[in-house]
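Please view the sequence and structure before reading on.

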2 protein chains.
Amino acid sequence: MKYRQLGLIGCGLMGGSFALALRHAGLVDQVVGFSPSASTVNKALQLGVIDRSASSPAQAAQGSDLVLVAVPVAATQAVLQEIATTLEADSLIMDVGSTKCDVVHAAQSALKDKFACFVPAHPIAGKEHAGVEHADAQLYQQRQVILTPTGETPLARIKLATQIWQALGSQVSHMSPEAHDAAFAAVSHLPHVLAFAFMNSISQQAQGQTFLELAGPGFRDFTRIAAGDPKIWRDILLANRDEVLRQSQLFQEQLRQFDQLISAGDAAGLQSAITQASGERAGWHMNKA
Amino acid sequence: MKYRQLGLIGCGLMGGSFALALRHAGLVDQVVGFSPSASTVNKALQLGVIDRSASSPAQAAQGSDLVLVAVPVAATQAVLQEIATTLEADSLIMDVGSTKCDVVHAAQSALKDKFACFVPAHPIAGKEHAGVEHADAQLYQQRQVILTPTGETPLARIKLATQIWQALGSQVSHMSPEAHDAAFAAVSHLPHVLAFAFMNSISQQAQGQTFLELAGPGFRDFTRIAAGDPKIWRDILLANRDEVLRQSQLFQEQLRQFDQLISAGDAAGLQSAITQASGERAGWHMNKA
């Protein structure tokens, strides 16, 4: 398994890391990259993330037997529409989006008869800081990658996609786009909303800055995800709106229960509720490859 | 500055680490420890955290020129009552509790004329795992310690307490018990409630275990504090009830705003709210010594 040319559309942290990892694994001869930002393109060239730059997504896709679309999820449909005609019919195309139902719909609508080329992918990896300057050939090692093929996705394409991510050190699993979005609303999207809302809740108080100076290691870890990229998270939350709102309601019911136990001074009930949470968290271990 | 004898009441992570650090700094000749748990006492002896065990808090305080009360905050008053008569009138006594108004009230009521011996202290340090087996002489290095003396606390005692923590590598600051409790409700106590409620919200869903298997590094960091000790956190949340509930209401207002922006599909408003949170978090750095 070796690819002649990777067409990289979006040269940020996720796309840049994929290109570096693919090179590192000796799986690609050449990387052609497109980014709407000239400074990103220059950095990607300087860092050896891409070999040459394309002037459009279509040009990046042209002649590429492997295409990775690594753009904010809301931009996926426009990109796929731009590349649909130049895309080689036997190429493999993947994305790295954090939501999958919207991406699958976008791909069906944009790629039409070439939808069979597309294997939707979500690598569960990231860093606090975005941008190609943080791209890292090891980003996907020992991380989960979820593929969400539909009934129309040929098994051979799913197998190729699985092999690529496995070669980068990832643990690959398959689920439906719907199951994916329900799960990630719970374990990723809602926590981001909570961390955002929590930061705003503190900083909008008159004494907020004084409070923040006193915060320690617990706060540091709890709020790390609040530093996420605003456009990327705006798109994810809107793309997965119904599931995120459903998780938010379930969370708020639990929070109100805590408020009630605290308000009532119900020591036994409060200890029991914390014991449940604490035991569940202490027994949890991140699924690694 | 060297102490003849540390009376350590409560030999867990916080107390054990204080004893080890004090020894490590050459500041104490002998450590006498009390714990209600025989197995904790044995481990503390084996690990060299204490030199000998006391059969009661009063015995640990007797003859000690330095006393550290490192018990769950709700147990503070009972401990102080037990040691009030044996406490040397010129000794220095501190606690390590995460709430301070309740501790100051307990100390005033229990110690009476010996209240002048007491300097309330809150080291902003901890670990995911409690227990003397995790005690660490470096736990307080480069960590903040907040002292919350009252108008009745002699300046000489505050100075001694400050010198001790500084000698352990901590950065010491002083504030009123009320200001302390308001700040820590915001940056520590509420985040724990949110992490507890979030864990329970997931684990109570039919698919909760499947969801948890997919969780990644963001979830890991966001929920780390949910593994906190149930009894300790029960006590903290009840001791600081009014401030915690106030912070919870402020947070819920922000969360409802996020829900509304997501529900309305308000991309600009959502991006703006996330930008505020993300910028605030990206600009925050933990205050270290």
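## Contacts between the chains

Between chain B and chain A, 38 residue pairs are in polar contact, both residues being at pLDDT 80 or more; such a contact is a pair of N or O atoms within 3.5 Å, where within protein one must be able to donate a hydrogen and the other to accept it, and residues adjacent in sequence count only if both atoms are side-chain atoms. On the side of chain B that touches chain A, α11(B) gives the most, with 19 residues.

Two salt bridges are counted between chain B and chain A, a salt bridge being a side-chain nitrogen of Lys or Arg within 4 Å of a carboxyl oxygen of Asp or Glu. The side chains of Asp221(A) and Arg224(B) form a salt bridge at 2.5 Å, N to O.

## Basis of the model

This is a predicted model, in which local features need pLDDT of at least 70 and side-chain atom pairs count only at pLDDT 80 or more, while totals for chains, interfaces and linings use all residues. Residues are numbered from 1 along each chain as its sequence is written, chains are lettered from A and ligands numbered from 1 in the order in which they are written, and side-chain values use heavy atoms, with hydrogens and water left out.

## A residue of helix α11

Asp259(B) belongs to helix α11 of chain B, residues 241–264; helices are DSSP runs (H or I, at least four residues), numbered from the N terminus. The side chain of Asp259(B) makes a polar contact with that of Ser248(A), at 2.9 Å.

Technical notes:
Helix = DSSP H or I, 4+ residues; strand = E, 2+ residues; numbered from the N terminus.
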